Structures are given as C-alpha cells and as structure tokens.
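Dear colleague,

Please read them alongside the coordinates.

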Amino acid sequence: MNILLHPTYLPNIAHFVAMIKAKAVLFEYDDNFLKQTYRNRTYIYGANGKLALNIPVVHSQKNRQKYRDVKIFNEEKWQSLHWKSLLSAYRTSPFFEYYEDDIQPLFNNKAKYILDFNFKCFEVICDCLQLELNTFKTKNYQPKVENAEDFRHLVNAKKETPQSFDAYTQVFNSKHGFISNLSILDLLFNKGPNTLNYLESQTLKIP
C-alpha cells in the first residue's frame, strides 16, 4: 500500500503507524498552508497534561500561500521554549538521554521555512528509529489520488479521528493517565528501541 501524507512537525504516532505499514510514503508538497493543523503544531505530555507546541509562522497577506513557501517567525524564541518544554516533560523518561544529542540540534539551528524544518525533524527521528522508508514528494496538488491511499486528513488537529492506541508508561501517568497519539517523541523517549515494535502492532482508525 502506498500512502499520501502531509509533512508535519514532530509527527504524531498516527502518522508513524500509517507510514511504517506503507510500501511507499508520498508527501504532499504542493498544497496550501492552513492554520490549526499539525503542519506547525505537535502535542507532548507535560506536567499539567497534554501540551501544544506551536511553531510561529509569517502569515502572507495573500488569501492562499503554498505550504513550502511559509516562513518561520524566528523573532520569537520558540526553539528555546520548545526545548525547555521537552526537557521539563521528558528528562526523567527512560530514554531521553539516549536520544538527547540527536534531537537537541533541531532547537539550536534556525530554519527559514516550516516545510524544510519538518522534513529535517522527520529525518532525525527516522535516524533515531533506524527506520528506512521509501519516500517521495508530490509534483502537483490533486484533490483525489489514484496511486495511493489518502491519509492527508491526519494533518487536522481540530477535527481528527480519536485514536485508541495501546497504553504504554508515560512520565506523568500517575497524574493524568494515558494520553494517546502524542508526538512520536513521547513514544521514543518512553519506549526507546521498542518504539518500532509498538508502531507495527497498532491499528489506525480511519474516518
């Protein structure tokens, strides 16, 4: 099965479940940027529960702007904030120190475009997972696709299908219980080398 996905910021577990089961992953490269999606947002498990990390972007005066042309608003010190949030959330997790040196550079080196940064995050995470995926980019936008299963709906942060993935131990389980479908980093820091086995065992709910 080939699948079509939007590149997202530190993708959630649903994205990786879809990708790991696919024969090939086609990334949407020619769509318009939409607000309130996982294009510039991810969720982690903080001390107070589910915590959103948003990358600020420079909004164009035009009605439509290509995702690949959207610039990051680096005047805000968002990288420092996101890294501090990750430290606070996961420094006591079993595998944080194991992956820290791979992940931290993402929050030290500035990127100009949100899409380029998301691809960089994806590459780093795949390296951490020792995961090799067969990936391609679209050349033009198509509302309907024939050569792949369309999983672009997974980008919607506000209207997503609730996913009931198997529970695993999270840092703040005792405070707020299990929270499903967070950023892949939540799974990576808590499960470490067992992350791939977990992803392969999960079933994705499709609307």
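A residue is called buried here when its relative accessible area is under 20%, exposed when that area is over 50%, and partly exposed in between, with a 1.4 Å probe and protein chains only. This is a predicted model, in which local features need pLDDT of at least 70 and side-chain atom pairs count only at pLDDT 80 or more, while totals for chains, interfaces and linings use all residues. Residues are numbered from 1 along each chain as its sequence is written, and side-chain values use heavy atoms, with hydrogens and water left out.

On the cysteines: there are zero disulfides in the structure, a disulfide being a pair of cysteine sulfur atoms within 2.5 Å. Cys 121 takes part in none, its nearest cysteine sulfur, that of Cys 128, being 11 Å away, and Cys 121 is buried, with a relative accessible area of 0%. The sulfur of Cys 126 lies 9.3 Å from the closest cysteine sulfur, in Cys 128, which is too far for a bond; Cys 126 is likewise buried, at 8% relative accessible area.

On the sheet: four strands, in the order β5-β2-β1-β6, form an open sheet with parallel pairing, where strands are DSSP E runs of at least two residues and helices are H or I runs of at least four, numbered from the N terminus, and two strands pair if DSSP finds at least two bridges between them. The edge strands, each pairing on one side only, are β5 (135–137) and β6 (149–150). Strand β1 (residues 2–5) is joined to β6 by two bridges, and Leu 4 has Asp 150 as its bridge partner in β6.

Best regards
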